Amino acid sequence: MNPLKIMFLSALGLSGSWTMAHSAPVELDLWTIDQPGEYHYVMAREFDQQHADITINVRTVQFRDVVNDLARAVATGNGPDVTYIDNPDMALFAPRHLLLDLAPYVRKSDIVDIDRIFPGPLASVRFDDSLYGLPRGSNTLALYYNADMFEAAGLDPDQPPTTWEQLYQYAKALTDSSENVYGLAFSAINSEEGTFQFLPWVQMGGGDYNNIATPGAKRALTLWTRLIEEGLASRDTLIRSQYESTGTFNAGNAAMAISGPWELPRMSEEADFNYRVAMLPVPEKKAKRASALGEGVNTILANTRYPKEAFEFLEFMHANMDRVWNEFGMLPASRVEVKDPNFPQAYAVFDESMKYARTRGPTPEWQKISQTIQQAVQSALTGQVEPAVALENAQLKIDRILD
Amino acid sequence: MPRFKTGLMNGLIDGKGFDTTLVLLSLGYLLVFSAFPLIFNLIMSFQQVDLFSLAQLVRPFVGWDNYRDVLTRPESWPIFLNTVKFVGISLLAQVSVGFALALFFQQSFPGATFLRGLFLAGWIMPALVVGAVWSWVLAGDYGVLNYGLQSLGLVRDKIFWLSDPAWTLYAVIIANVWLGIPFNMILLSVGLAGIPDDLYEAAKMDGATCLQRFTTITLPMMRAQLGAVISLGTIFTLQQFDLFAALTQGGPANASNVFQYWSWQLSFENYEIGQGSVISMLMILFVILVAVVYVRSTRHEQAS
């Protein structure tokens with residue numbers, strides 16, 4: 001803080017203005033996975049401009065290092081005041097009282113109304129009566145499809161597949177191995193992304209992370225295995241991230257792709273065909289919907305020196321929820337009106353899907369369970385184990401982990 | 001004070017003080033950067049450790065539980081076999097191809113040294129970059145290798161090098177062999193250059209054939225170099241992590257997983273840090289064994 005600014009601030013303080021409330025300048029450290037120019041950097045800059053007495057120092061942490069770095073920082077007392085945490089990781093930090101309980105602050109807030117937050121994102125921050133963060137935005141999954149290929153294959157582009165069986169039939173009709181075109185692209189990689197893609201299928205089939213061997217889940221994994229074994233999806237589905245898989249869709253090497261809204265900017269540039277978005281197909285007509293919940297949470301560490309100012313910053317970000325779609329490529333995590341959304345057709349579908357988006361977990365053992373699920377999926381897709389057996393083995397392991 | 005200063009300076013210059021300082025410095029370095037992490041790791045392998053107790057030393061002691069837990073997991077035996085295969089095949093291919101190339105470049109022909117230098121280009125590249133390049137070469141649908149094999153009519157269907165469990169481990173081995181050959185070649189070239197030419201000339205005059213010269217002169221004279229290359233190669237191969245991260249992440253379904261990558265997964269993806277330490281302890285024990293063999297074999301050379 002330069003001396004001029006201090007003089008200016010103390011002058012304001014002496015003149016008796018309301019900034020007396022923060023008589024000393026406040027510095028908040030913010031950890032984010034964003035790069036300069038992205039969400040947190042923009043939010044911090046705008047907040048800084050409105051609050052002469054608060055400065056926010058933003059630091060980028062690699063997505064995969066967030067949990068490790070935070071745990072180490074907390075252990076040594078060097079943690080930030082405000083930080084991004086991926087939604088399934090919340091359960092790791094929440095029960096340890098490392099995060100500030102926002103419930104008392106929210107009760108007094110005019111800006112945050114938790115009833116407007118979608119149930120999926122809310123479940124990732126609410127633990128009993130405590131509220132350990134505010135979702136900064138969300139994303140979820142849907143089915144992208146190449147309408148031109150639908151027409152060429154004699155399928156009606158206004159009637160995308162709505163059930164699992166239809167998805168399989170469509171994938172079969174659209175696969176053209178002589179042209180290197182697969183029916184469907186998705187990701188079954190052995191990382192969190194693989195679980196992110198598979199779990200909604202389990203949930204649609206009536207199961208969840210702790211109940212993985214239901215008949216519905218077995219049907220889902222059998223369908224995935226058939227897609228791979230019959231060559232309707234590439235074997236490299238097992239090693240491609242969602243972004244890489246959707247890349248093959250953009251290049252015209254897959255007729256449908258399952259992925260999230262983050263694909264849209266690139267797709268609008270790369271895909272030289274007519275593409276559209278549909279809701280994820282369900283097990284059978286009228287079955288319960290489910291979709292994945294991605295993105296993370298704005299949280300305050302419990303040992304911050306400035307809880308009040310940090311919460312003000314969280315409120316500020318929450319109040320800007322209507323901008324996240326157009327400016328930052330995220331879906332709003334609460335009911336807000338988005339004026340003139342970009343990619344309106346896709347927005348309508350993703351916005352509808354958000355109502356069914358469900359959090360992964362919550363459980364502090366999430367990482368182990370997630371890896372168990374990935375292993376089960378991969379061992380079935382590679383034909384090493386029958387899908388049903390793979391899921392039953394996974395259930396045994398999960399029971400042991402949660403025990 | 002000046003007196004003390006000269007005393008100290010003298011001590012440093014006359015040798016005794018200097019020697020002691022050097023020994024203390026390197027001893028301190030070893031203690032801080034080698035012994036401490038090793039012991040820390042050893043302790044962790046007997047403790048219940050999670051992310052939040054990482055910075056403490058006092059943690060619940062669990063005896064051999066971590067060892068029992070890791071070694072009874074169904075995946076531990078296949079991963080162990082993968083590790084053996086990975087090290088064994090990589091080493092065999094690296095050393096034999098490296099040796100063959102070293103012999104080849106030992107012949108004098110125009111551009112021999114220049115070409116040998118070019119081979120080093122592969123070795124100075126970071127393994128992550130090498131991994132990224134190989135992942136394009138080996139890609140199943142659009143990879144260069146499949147395209148080549150299919151155009152030549154060697155295979156009919158695409159081989160999914162990185163996602164078919166029958167192939168993935170070999171895909172990483174191919175990349176690792178490519179990465180390791182230059183190092184082997186250079187080290188063995190140095191050894192070859194050290195064999196006096198008159199030995200060969202004398203043998204030639206006695207009527208020894210090419211093969212006889214190789215088995216009776218080259219191989220025995222290269223024993224020390226081969227021993228060094230094999231032991232160092234074992235250690236480098238056991239350290240190979242980047243290629244797994246870039247190519248297969250140990251997948252699919254652990255088909256290409258090895259101890260060094262699994263240890264990292266346990267510690268930093270699953271946060272089962274005690275279990276991860278167990279694997280690294282087992283690897284350390286094995287590496288120490290290799291190091292002992294290496295040191296003993298070179299000591300034998302010096303003595304003779």
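**A short tour of chains A and B**

Hi everyone, let me start with one residue: D351(A) counts as partly exposed, because it has 18 C-beta neighbours inside 10 Å. For that label, a residue is buried with 20 or more other C-beta atoms within 10 Å of its own, exposed with 12 or fewer, and partly exposed in between, with C-beta atoms placed from the backbone.

Before going on, this is a predicted model, where local features need pLDDT of at least 70, side-chain atom pairs count only at pLDDT 80 or more, and totals for chains, interfaces and linings use all residues. Residues are numbered from 1 along each chain as its sequence is written, while chains are lettered from A and ligands numbered from 1 in the order in which they are written.

Back to D351(A), which sits in helix α15 of chain A. Helices (H or I, at least four residues) and strands (E, at least two) are DSSP runs, numbered from the N terminus. Between D351(A) and A319(A) there are 18 Å in space, C-alpha to C-alpha, and 32 residues in sequence.

Now, the sheet. In chain A, four strands form an open sheet in the order β8-β9-β7-β10, with mixed pairing. Strands β8 (182-185) and β10 (275-278) of chain A are at the edges with a single partner strand each, so one side of each has no neighbour in the sheet. From one strand to the next, the twist averages 20°. Pairing here takes at least two bridges found by DSSP between two strands; β8(A) and β9 (residues 254-259) of chain A have three, in the parallel sense. Within that pair, A185(A) is opposite A257(A) in β9(A). Helix α15 (residues 344-354) of chain A packs on this sheet, touching β7 (142-146) and β10 of chain A, and its direction makes about 15° with that of β10(A). Axes are lines fitted to C-alpha atoms, for helices over the stretch in contact, and angles run from 0 to 180 degrees between N-to-C directions.

How many residues of chain B are in contact with chain A? There are 22, and they meet 24 residues of chain A; contact means C-beta atoms, placed from the backbone, within 7 Å.

Finally, confidence. The predictor gives the complex an ipTM of 0.79 and a pTM of 0.86. Chain B averages a pLDDT of 87, with 93% of the residues at 70 or above; pLDDT is the predictor's confidence in each residue, from 0 to 100. Among the elements of chain B, helix α4 (residues 76-106) has the highest mean pLDDT (94) and helix α1 (residues 2-14) the lowest (58). Thanks, everyone!

Terms used
Two residues are in contact if their C-beta atoms, placed from the backbone, lie within 7 Å.
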